[in-house]
Amino acid sequence: MELRTLRYFLAVAEEKNISKAADALFITQPTLSRQMIELEEELGKTLFIRGKRKISLTEEGIFFQKRAKEIITLVEKTESAFHAPEDELHGDIYIGSGETPAMRFIARIAHTLHRQNPHVNFHLFSGNAQDVMDKIDNGLVSFGLFIGPADLAKYDFLRLPIKDTWGVLMRSDSPLAKLEQIQAKDLLNIPLLLSRQEMVKNEISGWMGDLAKELNIIGTYNLLYNASLMVEEGLGYALCLDKIVNTTKDSLFCFKPLSPKIEVGLTLAWKKSQTFSKAEEKFLEYLKREIEVYSKS
């Protein structure tokens, strides 16, 4: 299977039309149709549902689209590393992370590195812990930023000298907004939105104790921004980390920490025995230096 065929397939999947995809690729429609038929024959799977005006993907086609994107990204990363000039620091650094204000710590390091080496670029991927691990394992991100407990046995890592705080995001005019802190009993009989990650659910269950089974969980979320819209519309309250959503005095939202407090550490991880590009090595060097400075302050 050639990379060209993967690019052809991705163009058809994006355009949902053979003619439009052929025009975008500057090839003829019969040529592209034949390539897609040969691809399906090679895989032994039907990738497309062919309508009169529109093409959609089968379940196998959706899976193949994901894998094709990963392969193309990995090839482009590899080519970029080899084409970098020797006399200047060039390169791309790919970082996967969940939503956390600790990204500011990484951002400061990225800013310093980019300012001194303007040909180093950063690419961010947002997802939950399992998403980030999959990206690391497949070579699609160089580093993963993990929040709280995570099974990092197969990775090398550095612990960051900062912590995130768990609490409740709510509208400023909600009844719980009058409280300074949120105790377990305060969460009973109110509609809650909870992170979809199992480790988060386990952490909250441990904090709640026997009261956990009495929670009224009306929904789950992957990324907090969308959950905050639900909170804004009055659907409920979101259990989340502080400082992801703006809760300053002009905001519609406020954040109240849990009591007893739950703080979680943060870890930057990468593949064991990974061979780094020069840009990635420099990023790690800056990171270790920043951790040392932060720890002494």
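Helices here are DSSP runs of H or I at least four residues long, numbered from the N terminus. The model is predicted.

The chain holds 9 helices and 11 strands. Of its 297 residues, 43% are buried. The C-alpha atoms fill a box of roughly 65 × 55 × 40 Å along the principal axes. Among contacts with a separation of 6 or more, 72% join residues 24 or more positions apart.

Helix H6 spans residues 129–137. Its buried residues are Val132, Met133 and Ile136. These three cover an arc of only 100° around the axis, which puts them on the same side of H6. In general, an α-helix has 3.6 residues a turn, so residues three or four places apart point the same way. At the start of H6, asparagine 128 places a side-chain oxygen within 3.2 Å of the backbone nitrogen of glutamine 130.

Helix H2 was examined in the same terms. H2 runs over residues 18–25, and Ile18, Ala21 and Ala22 are buried in it. Down the axis of H2, the buried residues fall within an arc of 100°, so they line one face of the helix. Lys20 and Asp23 are exposed on the other side of H2. Cover for the buried residues of H2 includes helix H1 (3–15), helix H3 (29–43) and strand E2 (55–57). At the start of H2, a side-chain oxygen of asparagine 17 comes to within 2.9 Å of the backbone nitrogen of serine 19. Just after H2, phenylalanine 26 has a positive phi of about 60°.

The relative accessible area of aspartate 92 is 19%. The cut-off for burial is under 20%, so aspartate 92 counts as buried. Its side chain joins that of histidine 123 in a polar contact of 2.7 Å. Leaving aside residues up to four places away in sequence, aspartate 92 touches Ser80, Asn121, His123 and Glu280.

Lysine 296 lies in helix H9, which covers residues 278–296. Exposure requires a relative accessible area over 50%. At 66% relative accessibility, lysine 296 therefore counts as exposed. Between lysine 296 and alanine 110 there are 186 residues of sequence separation. In space, their C-alpha atoms are 21 Å apart.

The largest pocket has a volume of about 520 Å³. Helix H6, strand E5, helix H7 (198–208) and strand E9 (237–241) are the elements that give two or more residues to its lining. The lining comprises 30 residues. Nearest the centre of the pocket lie Asn128, Ala129, Ile147, Gln197 and Val200. By class, the lining residues divide into 18 nonpolar, 8 polar and 4 charged.

Definitions and conventions:
Residues numbered from 1 in each chain as written. Predicted model: local features only at pLDDT ≥ 70, side-chain atom pairs only at ≥ 80, totals over all residues. Heavy atoms only, no water. Buried < 20%, exposed > 50% of the residue type's maximum accessible area, 1.4 Å probe, protein only. Arc of directions from axis to C-beta. Polar contact = N/O pair within 3.5 Å; in protein donor to acceptor, adjacent residues only side chain to side chain. 1 Å grid on protein atoms, 1.4 Å probe; cavity = no way out; pocket = protein on both sides within 12 Å on 5 of 7 lines; lining within 4 Å. Points joined across faces, edges and corners; volume = space filled by probe spheres on them. Nonpolar A, V, L, I, M, F, W, Y, C, P; charged D, E, K, R; others polar. Contact = heavy atoms within 4.5 Å.
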